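Good morning, everyone. Today I would like to talk through a pocket and a sheet, and I will explain the terms as we go.

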Amino acid sequence: MRWLLIHAHPDDETLWTGVAAAHLLERGDEVHVLTMTLGEEGEVIPADLRHLELPAGQPRAADAPDPLADVRRGELDGAMQALGVTSWTVLGDDPGEPRVRDSGMVGTPSAEHPRAFVGAPPEQVAPAVAERVRRLAPDAVLTYDRTGGYGHPDHVRTHEVTLAALRLLDDPPALYARVTPESWWQQDLAGVGDLLTPERRDAWRVGAPADDHTARLSVVPDEQVTHVVVDAAAVPRQVAALTQHRTQVRLLGEPAQAYALSNDIALLLTGREAYQQLDVATGEPLAAGGDPRPLGGQA
């Protein structure tokens, strides 16, 4: 099978769909990645690279340099080589495509930048994505659900653009949105609590997510999940890719058991991901019809 993963920023492909990618690649499928922006507004973790981070809370001039963009493209290249994907590219790399920019978090002035992804109507960007899908001819597309996973404007816009693009095709591929079943969410909260002993909290300088963590936006009742990937053997490949996203991700433990972003909240590397298959015409989840099926039809 041929799969296309459509994501908002470098690192999202590995954080959100890295288990599926590693699992599908291991069984011999093609996995292709399309990234919508270069993550220009990312918060930088390592102190030695913090000079690349743009000043928080300030408007961005249209002609201002984006020093983080080239670094994150390099991180994406390294991560995709580590993961072993078939191909990867960024929207705007092909002639005539729009080059949209990281919008930043909700309410930040960077959303007013003339190239901010959130400011680009889906119908403006969708034809370029549709052409990518038409040329690649994937059997299935993976992206975020309508909440964007945790509410980031670019994740939400990626979901909207992906739907709009597939609706331009006469015979669109299957579409799957990344979600988390309620039971897994509760298990993961308990698992982080068990992992973070007082000594590890201090050594790793992290806290545990609360039940109202923003990622809860994409938590759904278990019975609404249509497909899953459960593969602990995929985690080392995911970790190898995450190691490349140095500006954005900290791995916790040796071997890595969890990770943290710039918010210093620990999240588990679970070796499992859940999805809802969406009706391309309506954007609504299809009925699950019983227990979730393996993504791609093979255990």
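Let me begin with the word pocket: on a 1 Å grid over the protein atoms alone, a pocket is an open set of points where a 1.4 Å probe fits, with protein on both sides within 12 Å along at least five of seven lines, and lining residues have an atom within 4 Å of a point. What we are looking at is a predicted model, where local features need pLDDT of at least 70 and side-chain atom pairs count only at pLDDT 80 or more, while totals for chains, interfaces and linings use all residues. Residues are numbered from 1 along each chain as its sequence is written, and side-chain values use heavy atoms, with hydrogens and water left out.

The second largest pocket is lined by Leu4, His32, Val33, Leu34, Ser87, Trp88, Thr89, Asp94, Arg132, Arg135 and Leu136. Two or more of these lining residues come from each of β2 (30-35), β3 (87-90) and α3 (122-136), where helices (H or I, at least four residues) and strands (E, at least two) are DSSP runs, numbered from the N terminus.

Now to the sheet, which is open and has three strands in the order β8-β9-β10, with antiparallel pairing; two strands pair if DSSP finds at least two bridges between them. At the edges, pairing on one side only, are β8 (250-252) and β10 (266-268). Between β8 and β9 (residues 258-260) there are three bridges, and Leu251 has Tyr259 as its bridge partner in β9. Finally, helix α5 (residues 182-195) packs on this sheet and touches β9 and β10, contact meaning heavy atoms within 4.5 Å.

How values were computed: Axes are lines fitted to C-alpha atoms, for helices over the stretch in contact, and angles run from 0 to 180 degrees between N-to-C directions.
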